[in-house]
Amino acid sequence: MRLESAVPLPGLPPCDEPALDRRIAVSFMNRRPPRRTGAAHYTSPPRGADGLEVRATIGDAHEFWFGDGTWARISARGDAIDVYTPPTSSFEDSLSYLYGVLVGFALRLRDVLALHASVVMLGERAVMFVGASGAGKSTLAATFALHGHQVITEDVAALTIEQDGIVAHRGHADVRLWPSAATMLRTPPLRQATQAWPKLVLPSPLADGDAMLGRIYLLRAPEAALSEPCTTPLSQGDALIGLLPHTYVSHLLRRMDRPCELASLAALVKIVPVEWLTVPTLPDGFDALLDTLERVDGASVSAGRR
């Protein structure tokens, strides 16, 4: 998907693709947003800085009212996003919404399958790590980036079915880590994502382009610290059930917005193998993890070792 904006969008790879059917026009407004209209079909607790209200307006556009005063409108077709940043917030705060929930929602409106996941290059193909918040997706992506691997996308993974398989599309690749994870991985000093958000930003090697997806790993938390990883293949049915909770922003969509979700997931698990993955303690267990993934995927990853 191509984002077009008159304002530079830091952290995104350049795109020369002219295809208009994959274009999202992004504009940043100086005027205050309109008054709230229409019925709210999603309101998140708690109210306050972390709150969010989503409303469908006349013409089936969607308005997002964030707790810090940021406002956004996504067109009915998902091909335009308008953003207003209040004086009490920052452009970086608005970018965090844009690169996450707003782009994710726009993709879903366009029937593009998007998962809450991290995607990294492993040999000549990409692998995807899927899991709930706190499962370790970003920590894994950061570990791969620190060992020289390209990160295809972080947080929002947009997938399309092509003639040769499933394509994972490049997205926002800088990895955002909690300070505790950065300390554990022994990263160099990192800047804070925004003044209001304590996560730190780890720049990752830019991906050369979109990549064919070779395998999907559902992250399973270990019962205790492990030195060796463990993988378990899933049947297509179990894989579909396992991935269903991790489609991006599905909690924000109305039932009428989700007609293609199950069909897309069913096509995905028919083409791409899905496995449970128990990750060893990082960063010390990373070599063992690479050995395991190399055996499973048949990829040559030794170039990424330190």
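W65 is buried, with a relative accessible area of 11%. In this predicted model, W71 likewise counts as buried, at 0% relative accessibility. The rings of W65 and W71 form an edge-to-face aromatic pair, with 6.4 Å between their centres and 65 degrees between their planes.

Across the whole structure, a search finds 8 aromatic pairs. One of these joins F64 and F105 edge-to-face, at 5.0 Å centre to centre and with 80 degrees between the planes. F64 belongs to strand β5 (residues 62–66) and F105 to helix α1, so this pair ties together parts that are 41 residues apart in sequence. F64 is buried, with a relative accessible area of 0%, and F105 is buried with a relative accessible area of 0%. Ring pairs also link F64, F66, Y97 and F105 into a cluster.

## Overall architecture

The chain contains 6 helices and 17 strands. Of its 306 residues, 53% count as buried. Among contacts between residues at least 6 apart in sequence, 64% join residues at least 24 apart.

The chain exposes about 14600 Å², and carbon and sulfur atoms supply 52% of that area.

## The largest pocket

The largest pocket holds about 1600 Å³ of space. Its lining comprises 45 residues, and S133, D155, W197, K199 and Y248 are those that lie nearest the centre. By class, the lining has 19 nonpolar, 17 polar and 9 charged residues.

Several helices and strands supply at least two lining residues each: β3 (40–44), α1 (91–109), α2 (137–146), β10, β12 (175–177), α3 and β14 (197–202). Helix α1 gives the most to this lining, with 6 residues.

## Backbone features

D155, one of the residues nearest the centre of the largest pocket, has a positive phi, near 80 degrees, in a residue other than glycine. D155 is placed in strand β10 (residues 151–162). With a relative accessible area of 25%, D155 is partly exposed, because the limit for a buried residue is under 20%.

R186 is not a glycine either, yet its phi is positive at about 55 degrees. R186 is found in the loop between α3 (179–185) and β13 (191–194). Its relative accessible area of 57% makes R186 exposed. A further backbone feature is the cis peptide bond from L282 to P283, whose omega is near 5 degrees. P283 lies in the loop between β17 (274–278) and α6 (286–297).

## The surroundings of R125

R125 is found in strand β9 (residues 125–130) and counts as partly exposed, at 42% relative accessibility. When its neighbours within four places in sequence are left aside, R125 is in contact with V120, M212, L213 and G214.

R125 and V167 are 42 residues apart in sequence, while the C-alpha to C-alpha distance between R125 and V167 is 9.8 Å.

How values were computed
Residues are numbered from 1 along each chain as its sequence is written. This is a predicted model: local features need pLDDT of at least 70, side-chain atom pairs count only at pLDDT 80 or more; totals for chains, interfaces and linings use all residues. Side-chain values use heavy atoms; hydrogens and water are left out. Helices (H or I, at least four residues) and strands (E, at least two) are DSSP runs, numbered from the N terminus. Buried means under 20% relative accessible area, exposed over 50%, partly exposed in between (1.4 Å probe, protein chains only). Contact means heavy atoms within 4.5 Å. On a 1 Å grid over the protein atoms alone, a cavity is a set of points where a 1.4 Å probe fits but cannot get out, and a pocket is an open set with protein on both sides within 12 Å along at least five of seven lines; lining residues have an atom within 4 Å of a point. Grid points are joined across faces, edges and corners, and a volume is the space filled by probe spheres set on the points. Ala, Val, Leu, Ile, Met, Phe, Trp, Tyr, Cys and Pro count as nonpolar, Asp, Glu, Lys and Arg as charged, and the others, Gly among them, as polar. Accessible areas come from the Shrake-Rupley method with a 1.4 Å probe; for residues, only the protein chains shown count as cover. Rings of Phe, Tyr and Trp (its six-membered ring) pair if their centres lie within 6.5 Å; planes under 30 degrees apart count as stacked, over 60 as edge-to-face and the rest as tilted.
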